[in-house]
Amino acid sequence: MIGRHFISFVVLALFVVGCTQPQDVEPLPGKDVTVVRGAGATFPNPLYGKWIDEYAVDHPNVRIEYESIGSGEGTKLFLNQLVDFGASDAALTDEQMEGIDRGVQLVPATAGCVTIVYNVDGVPSGLKLPREVYTDIFLDKIRWWNDPKIQDANPDLELPRLPIAVVARQDGSGTTFAFTKHLATISDEWAKGPGAGKEIDWPGGAMLAAGNAGVATRVSRVPGGIGYVEFGLADRIGLTIASLENKAGNFVTPSGATGMETLKNAPLPENLRAFFPDPEGETSYPIATYTWLLLYKDYSESPEVGKELKAFVNWCLTDGQRFSEDLGYIRLAPEIAEKAVTALESIKL
Amino acid sequence: MELETASEISRPPSAFQRTSDRVFRAVSLLFAWATILVVLYIVWEIGGQSVPALEQYGFGFLTGQTWDPNREQYGILPEIWGTMYSSLLALLIGTVFGVAVAIFLNEGYLGGATYGILKLFGVHLHPVYSRLPSALENLLKNLVELLAAIPSVVYGLWGIFVVIPLIRPACNWLHENMEWFPLFSTPLSGPGMLPASLVLAIMILPTIAAISRDALVAVPPKLREASYGLGATRWETLLAVILPTAAGGIFGAVVLAFGRALGETMALAMLVGNANRISVSLFSPGNTLAALLANNFAEAGGDETKVAVLMYAGLVLMAITLLVNMFGAFILQRSTAGLKGLN
């Protein structure tokens, strides 16, 4: 019980921290400090935060500010040119990119798994969920944890008769995008019903919470809760994580290695934008996504900002990648990082 | 000195006094109008911004049940339902306790009991201890009113960490044994209508208690004395004379508290579960208009349709709250007007 309360407290603290916008506690930027402002996805926020802190140590002349407000809102700010860079797990559509006269360069920054987390007393991590079962849970068709369909997949577990409480994201989210895109790919019923998007109408009226941390908090506070959050966060705060059935029919637990496997089976095209809603491979984890930094192609209006931003992103793609695994993200393959660096160089100052 | 003041009164007002008088009157009038104008401006602004949504969704917005930004389909019936459901439930609980507190404080129950205890020790005429009965009543009254000073978000946290774990076993027991009863038809997984309403009831308790107490104070002592004089017991006096006389004021208190419950945001956003569904069950999660606005405005940002839709929802909430408040003020006014003749 103490453990449960502690987890809830940690999650809640994370949530509160997540809700707090970065404040200007440092002295106001003088002439020699360049401020680069960005906003977007909550999915990679722990990693971006780490990058910003690490980068700041050697670069006192730059201050990178990142507001983790969700892919939906980050994309809007970026499209309205209110930030220097955006971040989104859903990248941008061609249509959105054409709308910007300065041009857009997508740069994959890292990748991560979207995990299904649950809170059922006595059931440890690794509950096996076949594809139709987790689709049916989110379609509100399976409503009890001891449903024969779940029980059959986990003969060695004794599942309690506990109602399933689905928790989803209420804000426009790239995590939702990756998750629903996967569901829509593996299930016709999902594709025709709720569909895929950053914000959807959840079947059966799921409980909604803000941000990855919000969903994690809600699941940890609700017995019988189930939700989807980014792997790093789920792992760090010790939520129980399900093993999902992949396309090859194997049950895979998310981890750096299985995520790597997923990425290997999904090449990136020239525009560096690719989704793999249902990846091939024997040991690929089924729900993973790249997350992108959204940059403008032309920073000639504020070359100073552009220069520092380029240097920072370049550092993230090279030196910064070593922080990925510790925080539960998937390190970019060297050839992809290389491609991204090349793309970065094409940005005009 | 005395002569001077006396003569000042008898003198006609000087030019300065007359001017300052006029200026003061003008400034008062200005501020009074400014208040009204600010309200009108807010209504106008929100109304203006909601025009696109009004045109696009019209009346169907109030009866629709989907909230799907992806397909730009919006309806707020679940939120209207949730707002009314949680407020009425809170009102039911809050009224019972609030009126009880008001009676307890005003009808001398606490004072009487304290006096009895003091008398037992023979100190009821002591210069210090004899003040205890009224001091205790005062303390309790202030404590109840202090409930209104606790920030909404603290109530929300308290609800999450205390109320929900506390009531969950009982609620789930009810659900398992009486599932056929519509109010218990779903289990309580965590956030839901009942915990939200319980916390909301505590939040509106001070409003009900304070205004009900005022209504009870306004009951002329003559009536009470007459009732006792006719041989009625305390219980009979209370139920047959005092409460009916104060009923108008108490009803006004309830309606004002209803207005407050409708607009309460933060605690509900944390406790109601934010689920877009309509359910009669006490334990089902739901959503309210205020929580919907609080949760969605932060990231409505550049999406004009969504802003318009949220403004429309805000307008609906304002209309409901305004109607309820006007109704409450009207009742309150009627009831106090009726009592004037009795004094």
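This is a predicted model: local features need pLDDT of at least 70, side-chain atom pairs count only at pLDDT 80 or more; totals for chains, interfaces and linings use all residues.
Local features were required to have pLDDT of at least 70 and side-chain atom pairs pLDDT 80 or more, whereas totals for chains, interfaces and linings use all residues; side-chain values use heavy atoms, without hydrogens and water. Residues are numbered from 1 along each chain as its sequence is written, with chains lettered from A in the order in which they are written.

Chain A is divided into domain 1 (4-110 + 291-344) and domain 2 (113-264), with bounds taken from an automatic or database domain assignment. The C-alpha centres of the two domains of chain A lie 27 Å apart. To their contact (heavy atoms within 4.5 Å), domain 1 of chain A contributes 24 residues and domain 2 of chain A 32 residues.

In chain B, helix 7 (residues 152-177) has a kink of about 45° centred on B:Gly159; the bend at a residue is the angle between axes fitted to the seven residues ending there and the seven starting there. Helices are DSSP runs (H or I, at least four residues), numbered from the N terminus. Buried residues (under 20% relative accessible area; exposed, over 50%; partly exposed, in between; 1.4 Å probe, protein chains only) of this helix include B:Gly159, B:Ile160, B:Val163 and B:Ile167. Their cover includes helix 9 (211-221) of chain A, as well as helix 8 (193-217) and helix 11 (266-271) of chain B.

A nonpolar surface patch of about 630 Å² comprises B:Val128, B:Tyr129, B:Leu132, B:Leu136, B:Leu139, B:Leu143 and B:Leu146. Patch residues have over 30% relative accessible area and no salt bridge, nonpolar side chains (Val, Leu, Ile, Met, Phe, Trp, Tyr) being joined within 5 Å. B:Leu146 belongs to helix 6 (residues 132-146) of chain B and is exposed, at 52% relative accessibility.

Over all chains, 16 salt bridges were found, each defined by a side-chain nitrogen of Lys or Arg within 4 Å of a carboxyl oxygen of Asp or Glu. A:Lys141 pairs with A:Glu189 at 2.9 Å. Because A:Lys141 lies in the loop between helix 5 (131-138) and helix 6 (148-153) of chain A and A:Glu189 in helix 8 (residues 188-192) of chain A, this pair ties together parts 48 residues apart in sequence. In chain B, B:Arg224 and B:Glu107 form a salt bridge at 3.3 Å (N to O), linking helix 9 (residues 221-229) of chain B to the loop between helix 4 (77-106) and helix 5 (109-120) of chain B, 117 residues apart. B:Glu107 is buried, at 11% relative accessibility.

Conventions:
Helices (H or I, at least four residues) and strands (E, at least two) are DSSP runs, numbered from the N terminus. Patches are made of residues with over 30% relative accessible area and no salt bridge: like charges are joined within 9 Å, nonpolar side chains (Val, Leu, Ile, Met, Phe, Trp, Tyr) within 5 Å. Accessible areas come from the Shrake-Rupley method with a 1.4 Å probe; for residues, only the protein chains shown count as cover.
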